[in-house]
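Open the model in your viewer and keep the selection tool ready. The tour goes from stop to stop, saying what to select and what is there.

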Amino acid sequence: MSVQTTAERLPHDVVLDRATRLGALFDNHYDRLYRLARRLTPSDDDALDLVQETFLKAARGAGVPDDAANAEAWLVRVLVNTRRDEWRKAANRRRHAPAAHVVSPPPSDPEARAIASTTIWGALDTLPPRRRAVIVLHELEGASAATIATLLGITSVTVRWHLARGRRDLARALATSKGDKR
Amino acid sequence: MTSIRELLADGDPLRDTPGAGAAVREAMRRRVIAAAAADHTRGRRAPSRRAFLLASGVAAVIAGAATVPVWWPDGGTVHAAVPFEVRVAEPGPRPGLLALQGAAAGTVYAEPRVVVGNGDIVRTRVLPVGSGFGLEIVFTDHGAAKMRAATAGNVGRLLAVVVDSRVLASPRITSPIDGVGILGGTYTREEAHRIAAGLVPSRP
């Protein structure tokens, strides 16, 4: 029986290893990344693009940690940073485009709470991606500031600052919306 | 008083759409792994997720379609209920190109050479796409290689997707396309199932 050492491995073995490892990474973290991406982007297609781009970056580059917790943080960070890059490019395009229409809920909608919710999500769309990620992770996923800090690779102080600024922006959007209706 | 957290939870997009379908997930998994292998061996750029999401304006009526022979790369003959082929195409006429009619897709002018046909399909699956149903089409390794080669060399041109002798969609090629395609989004569930069953050839 012949024993193959790492040094003797053929290229297709290495490819197979990479595929197995990447498959496991995908299986372990896809749901979590999709949930976050869907809440960071305006559509399902955008969310799927973002998730795929994140995994492709993992596929292309070295540096994904081996242990699950650090791998998750690495992927979340890449996902949020990818979204930030997209957001900046879109912001540049918006700068040279006519002012966008403010999307308001249909006047026939009878539920004030539904209107407020629509307004909040509309305002969330305007937040910078990292701030939006902090709000989503804290308010919707119930993550603590320390957990978010680990996931995003920033300090807890910065997390709390983003939380405060984000909440203030959302509250302001809500107040403006109520003012408009009067 | 409703809190911001409650308002966010009310409008959470995951409330109504808890996640992308298993087929979409599996297709993405394959693309990512294929990209990793391709990057390692050839430095090839990964295919775009949307590159082969073919928005179709036409729901092909194929109920009761007769079984017809179609081309098979090994030189033999296979039979499939719904003829399927993909060709590289142009929006305008040119010598040597064939005019292919489509309803919503309009007329496109396709190369005589078929890139992939029924014989290159290994399996199909119905999945929800947008407000309707579409088909995930998985090509054989040989078919995927042909798609990759044809699309890599024709970025910027059109891809005519012909189902049941009609151009169902003619998306522009934006990047190399690999082994999985998703068709449609305008089918009812029943239509999608009929097409899915009809596309896969029965070998003699």
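How many of the 12 residues of α5(A) are buried? The count is 11 of 12, so α5(A) is mostly covered; buried means under 20% relative accessible area, exposed means over 50% and partly exposed lies in between, with a 1.4 Å probe and protein chains only.

Before moving on, note that this is a predicted model, in which local features need pLDDT of at least 70 and side-chain atom pairs count only at pLDDT 80 or more, while totals for chains, interfaces and linings use all residues. Residues are numbered from 1 along each chain as its sequence is written, chains are lettered from A and ligands numbered from 1 in the order in which they are written, and side-chain values use heavy atoms, leaving out hydrogens and water.

**Stop 1: helix α5 of chain A**

Select residues 129–140 of chain A, which make up helix α5. Helices (H or I, at least four residues) and strands (E, at least two) are DSSP runs, numbered from the N terminus. From its first C-alpha to its last, α5(A) reaches 15 Å, close to the 16 Å expected at 1.5 Å a residue; the expected span is 1.5 Å times one less than the number of residues. Among the buried residues of α5(A) are A:Pro129, A:Val134, A:Leu137 and A:Leu140. After the helix comes A:Gly142, with a positive phi near 70°.

**Stop 2: helix α6 of chain A**

Now select residues 145–152 of chain A, helix α6. Its buried residues are A:Ala145, A:Ile148, A:Ala149, A:Leu151 and A:Leu152. Viewed down the axis of α6(A), they fall within an arc of 165°, so they line one face of the helix; the arc is that of the directions from the helix axis to the C-beta atoms. A:Gly153 follows α6(A), and its phi is positive, near 70°.

**Stop 3: A:His162**

Select A:His162, in helix α7 (residues 156–181) of chain A. Is A:His162 buried or exposed? A:His162 counts as buried because its relative accessibility is 9%. Leaving aside residues up to four places away in sequence, A:His162 touches A:Arg130, A:Arg131, A:Val134 and A:Ile154. A contact means heavy atoms within 4.5 Å.

**Stop 4: aromatic rings**

Select A:Phe26, A:Tyr30, A:Tyr34 and A:Phe55, which form one aromatic cluster. Rings of Phe, Tyr and Trp (its six-membered ring) pair if their centres lie within 6.5 Å; planes under 30 degrees apart count as stacked, over 60 as edge-to-face and the rest as tilted. Over all chains there are 4 aromatic pairs. For one in chain B, select B:Phe84 and B:Phe139: their ring centres are 6.5 Å apart and their planes at 35°, so the pair is tilted. B:Phe84 sits in strand β4 (residues 84–90) and B:Phe139 in strand β9 (residues 132–139), 55 residues apart, and the pair links distant parts of the chain. Both B:Phe84 and B:Phe139 are buried.

**Stop 5: whole chains**

Select chain A, which has 7 helices and 0 strands. Of its 182 residues, 42% count as buried. Then select chain B, with 5 helices and 12 strands. Of the 204 residues of chain B, 51% count as buried.
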